[in-house]
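Reader: I'm new to this and would like to learn how to read a structure. Could you walk me through it, feature by feature?

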Amino acid sequence: MYGRDPWGGPLEINAADSITDDDRSRNLQELDRSALPRPLDATQRSWLLGPPVRKKKKYVDLGCILVSRKIFLWTLGTLLVTTFLAGSITMIVRHVPHHKHEKPQQDNYTLALNKTLLFFNAQKSGKLPKKNNVSWRGNSCMKDVDEGEYPPRDVVGGYYDAGDTIKFSFPMSYAMTMLSWSVIEYSAKYQAAGELDHVKELIKWGTDYFLKTFNSSADKITVMVAQVGYGDNRGGGVMQNDHYCWMRPEDVDYQRLARSCYSGCSDLAAEMAAALASASIVFKDNRDYSKRLVHGAKTLYNFANAVKKSYSIPRKESSEFYKSSLFWDELLWGGAWLYYATGNITYLDQVTNHDTARHAGAFWDGPYYGVPSWDNKLPGAQLLLTRLRLFLSPGYPYEDILRTFHNQTGVVMCSYLPYYKKFKRTKGGLIMLNHGDPQPLQYAANAAFLAALFSDYLDAADTPGWYCGPKFYSTDVLRDFARSQIDYILGKNPRKMSYVVGFGQRYPKHVHHRGASIPKSVKRESCKGGWKWRDTRKNNPNTIVGAMVAGPDKHDGFHDLRTNYNYTEPTLAGNAGLVAALVALSGERTFGAIDKNTMFSAVPPLTPATPPPPAPWTP
């Protein structure tokens, strides 16, 4: 094979020579690889190397066992470090000063609150719960019946009114309304005092009884029970008379008849409606029971409006013991509570009617104007409706009358202050709201509650005070007044005596109370057989803890005599006002402030109506 040499001349390519050169290089590489030693398999390696030499572990002999030296050293080191740290911490804790965080002591108002609620346990009638916490009380008056109905209605239960064994529906309803009002406003304070469940149980004991006193399942009624027991002894002492007889409630084995109101029961029915309506807010989380209470309240309020007339009939017991001076204030009071319980604008329309307010005495200024009691609901009703104006401000057409209630509430609060001379005071500082008549403490306690509550309303509304004429007073002035009255009751008085049994070092020992004055261990006493316990000068064998007695006279004088009920008899209505005042004052002012919203839980949003156009201008 020939080719042309690019540089000139022939070029001959020898194939053999070129192959030999390439093969030579390839053969050399193969020879180099063949010269390398071949890798040994595992068996060959084991022949050459022999068995591996293992490292020998070190152990520590502890006598009974052998432990790895490494583990032993780690464990020992950990123990030493832990001991050192524990010792160091102990030394630091011992030598560094520290403060003890003890539970703060309860104030006097809270301590008194714990006791005053027990009075209601002592007043229970009927079959008592297992944990009633009053050792000397038992089941009583288990035969109470209303024979005016067919078949006869069971009216067992409820509360005895005072030191006797009579059940009066009128003051009992007021007492339950006051307790419910205090729970709605101050549930956080009751909870802090450990008494919320207790006070709710007391309220339910009362409302369960009220539901027995009329046909609570009906929409319309014609009769309700006003009283169980008999106490009018103007015609001379008679057997089976609860005032004439001096017996423990547990020894009353005769059947006691109910006295009913058939028509013209406006004050009684409206007051009981207030009790059921306010309690329905307390038990709003128990929906079935709350609805039952609301239905009963509506039925009673309709009955109250059917025939507008007082239940107090001349020459009857209702006129002798708890005579109602008016019924319009109860209609105002009951209607306000029903509005809050239902949100039904019809009730608001009624209670903001000028005629209703006028008949209730809202524009008067008599000697008892502003004196809150089981008989006079106007001060409480006006404050209750002032709450609506302060927090919801419904505007037209309610603003005019609500502003009047607000202003009149301010006037009442001014009358409580010592700078204004409407009500006299004893030298010891007790306000004489009943103008020197006996049993003044219940009125002072009620006024203290309203004053403290109005103060809290103003604070919650970011209002620093109110005007008395041209002079402005801060809310602190109201609380000072409330404290002064409750402090007097608790022992800050010239006699240095607490008028709440069981509170403080010195309190009445001869309380006018049948159950407290007769030992539990004695055999059953007859109607007149118990008189010896009434007339003895010995202290009561049973302490009725929490009972606020009637109180001193207008000269701060007090006689601890069982036979004088004007000094030593406690009442259900009076003690309810005291409970309300105590919870309002208990705790720090910034703690457990009023609950602004629960009262309005059933009230829908209010849209103010458009006011009418102004009258046309005439030249």
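**Reading the features one by one**

Author: Let's start with burial: below 20% relative accessible area, a residue is called buried. His512 has 10% relative accessibility, so His512 counts as buried. Keep in mind that this is a predicted model.

Reader: Where along the chain is His512, and what does His512 touch?

Author: His512 sits in the loop between α16 (475-490) and α17 (514-517). Leaving out residues up to four places away in sequence, His512 touches Gly163, Trp246, Arg562, Thr563, Tyr565, Thr568, Glu569 and Pro570.

Reader: Which residues does UniProt list for "active site"?

Author: The UniProt record, an unreviewed entry, lists His512, Asp560 and Glu569 under that label. They span 58 residues in sequence, but no two of their C-alpha atoms are more than 10.1 Å apart, so they gather at one spot. Among these residues, His512 and Glu569 are included in the lining of the largest pocket.

Reader: Let's move on to disulfides. How many does a search of the whole structure find?

Author: To spot one, look for two cysteine sulfur atoms within 2.5 Å of each other. Searching the whole structure this way finds three disulfides. In one of them, the sulfur atoms of Cys245 and Cys527 are 1.9 Å apart. The torsion about their S-S bond is about -90°, so this disulfide is left-handed. It links distant parts of the chain, with Cys245 in the loop between β8 (224-228) and β9 (258-261) and Cys527 in the loop between α17 and α18, 282 residues apart. Both Cys245 and Cys527 are buried.

Reader: What pattern do the disulfides of the protein follow?

Author: Count the bonded cysteines along the chain and you get 1-6, 2-3, 4-5.

Reader: Now the rings, please. How many aromatic pairs does the structure hold?

Author: It holds 29 aromatic pairs. To read one, check the distance between ring centres and the angle between planes, where over 60 degrees counts as edge-to-face. The rings of Tyr244 and Trp531 have centres 5.3 Å apart and planes at 75°, so the pair is edge-to-face. Tyr244 lies in the loop between β8 and β9 and Trp531 in helix α18, so you're looking at a link between distant parts of the chain, 287 residues apart. Tyr244 is buried, with a relative accessible area of 18%, whereas Trp531 is partly exposed at 23%.

Reader: How do Tyr322 and Trp374 pair?

Author: Edge-to-face as well: Tyr322 and Trp374 are 4.8 Å centre to centre, with 80° between the planes. Tyr322 is in the loop between α9 (317-320) and α10 (328-342) and Trp374 in the loop between α12 (354-359) and α13 (378-391), so the pair ties together parts 52 residues apart in sequence.

Reader: Which residues do ring pairs link into a cluster?

Author: Look for Trp181, Trp333, Trp337, Tyr339, Tyr340, Phe449 and Phe600, which ring pairs link into a cluster.

Note on methods:
Residues numbered from 1 in each chain as written. Predicted model: local features only at pLDDT ≥ 70, side-chain atom pairs only at ≥ 80, totals over all residues. Heavy atoms only, no water. UniProt positions renumbered as here; feature names shortened; annotations may be inferred. 1 Å grid on protein atoms, 1.4 Å probe; cavity = no way out; pocket = protein on both sides within 12 Å on 5 of 7 lines; lining within 4 Å. Helix = DSSP H or I, 4+ residues; strand = E, 2+ residues; numbered from the N terminus. Buried < 20%, exposed > 50% of the residue type's maximum accessible area, 1.4 Å probe, protein only. Contact = heavy atoms within 4.5 Å. Phe/Tyr/Trp six-rings, centres within 6.5 Å; stacked < 30°, edge-to-face > 60°.
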